[in-house]
Amino acid sequence: MTQQHLYLVDGSGYIFRAYHRLPPLTDPEGTPVGAVYGFTAMLWKLITELANAEAPTHLAVILDAGSHTFRNDMYEHYKAHRPPPPEDLVPQFPLIRDAVRAFSVPCIEEAGFEADDIIASYALAAKRDGFNVTIVSSDKDLMQLIQPGIDLLDTMKNQRIDRAEVIEKFGVPPEKVGDVLALMGDTADNVPGVRGVGPKTAAELINEYGDVEGVIANIDAIKKPKLKETLAASIDDARLSRELVRLKDDIPLAEPLDALTLRHPPHEPLAKFLAKHGFRGMLSKLGREAEAAHAM
């Protein structure tokens, strides 16, 4: 029997890469579609390359449903510094969902949760069911999930990220990444962390004391006076940060794993989508692929 292999695509990463890589484009109706075009091209490339090499059996694209999640209820300033998405990107979000569905690939999002939480829930559920899992992303938060049977694929660098790469990057194994992230904080997400503690010091502390609670319990043993003082004054922030970076990995699955089975995209929905938005090069490619398949 073929080993079941689920690929989970971090859709938000794809969207912003596509938006920043391509010049502004509009479709025949004048709607901005530069990010849609780039996203569609990247998803097509991924599906094609994996079909030739990895032969995944299951695939889904995971997206953020909105900006407000349970973390905002926990900490009202979470992601407070993030600017709103560019004006010309906003109308492209629903079109990107249409693009995913045109490939007959499930597009999963859940109000109140981030895409990372959905990815974590699917990854662990699939692993429990005996799947191998690959998360298509370079997001550092998702590196917490790496373990035997779960890896990351950074398509920007065409690089697999496993336990060894995480240790090289953070100085700790994947199961300790959340503790390091909690101590160092994250300006992009407005996770407070401990002021003045960077990645190197955070890794040293976690390697020495095990986790955030271990560091807190051993503040009196820390020899550097400034660091000791800072940690003592930041206990609440450290604990809050640990919860903010913790992935919620037990969300009920919106679609069962069987619904994520990868199928060859049916011609008509994809052709209709490409034609509607004026993606003529891709439409020609789809026609050539259909002719080749018919000739076999």
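Q: How do you know at what angle the axes of α7 and helix α8 (residues 199–209) cross, and within what distance they come?
A: In this predicted model, the two axes come within 9 Å and cross at roughly 130 degrees. Axes are lines fitted to C-alpha atoms over the stretch in contact, with angles from 0 to 180 degrees between N-to-C directions, and a helix is a DSSP run of H or I of at least four residues. Local features need pLDDT of at least 70, side-chain atom pairs count only at pLDDT 80 or more, and totals for chains, interfaces and linings use all residues. Residues are numbered from 1 along each chain as its sequence is written, and side-chain values use heavy atoms, without hydrogens and water.

Q: Why are α7 and α8 called oblique, while α6 and α7 are called roughly parallel?
A: Angles under 35 degrees count as roughly parallel, over 145 as roughly antiparallel, 65 to 115 as roughly perpendicular and the rest as oblique. The α7 and α8 axes cross at roughly 130 degrees, so this pair is oblique. Helix α6 (residues 163–170) and helix α7 (residues 174–184) pack at about 25 degrees, with axes 10 Å apart, and therefore α6 is roughly parallel to α7.

Q: Which hand does each crossing have?
A: The crossing of α6 and α7 is left-handed, and α7 passes α8 in a right-handed crossing. Left-handed is the name if the near helix is turned anticlockwise from the far one by less than a right angle, and right-handed if clockwise.

Q: What makes up the contact of α7 with α8?
A: K176, D179, V180, L183 and M184 of α7 meet P199, A202, A203, L205 and I206 of α8, where contact means heavy atoms within 4.5 Å. By class, these are 8 nonpolar, no polar and 2 charged residues (Asp, Glu, Lys and Arg count as charged; Ala, Val, Leu, Ile, Met, Phe, Trp, Tyr, Cys and Pro as nonpolar; the others as polar).

Conventions. Helix = DSSP H or I, 4+ residues; strand = E, 2+ residues; numbered from the N terminus.
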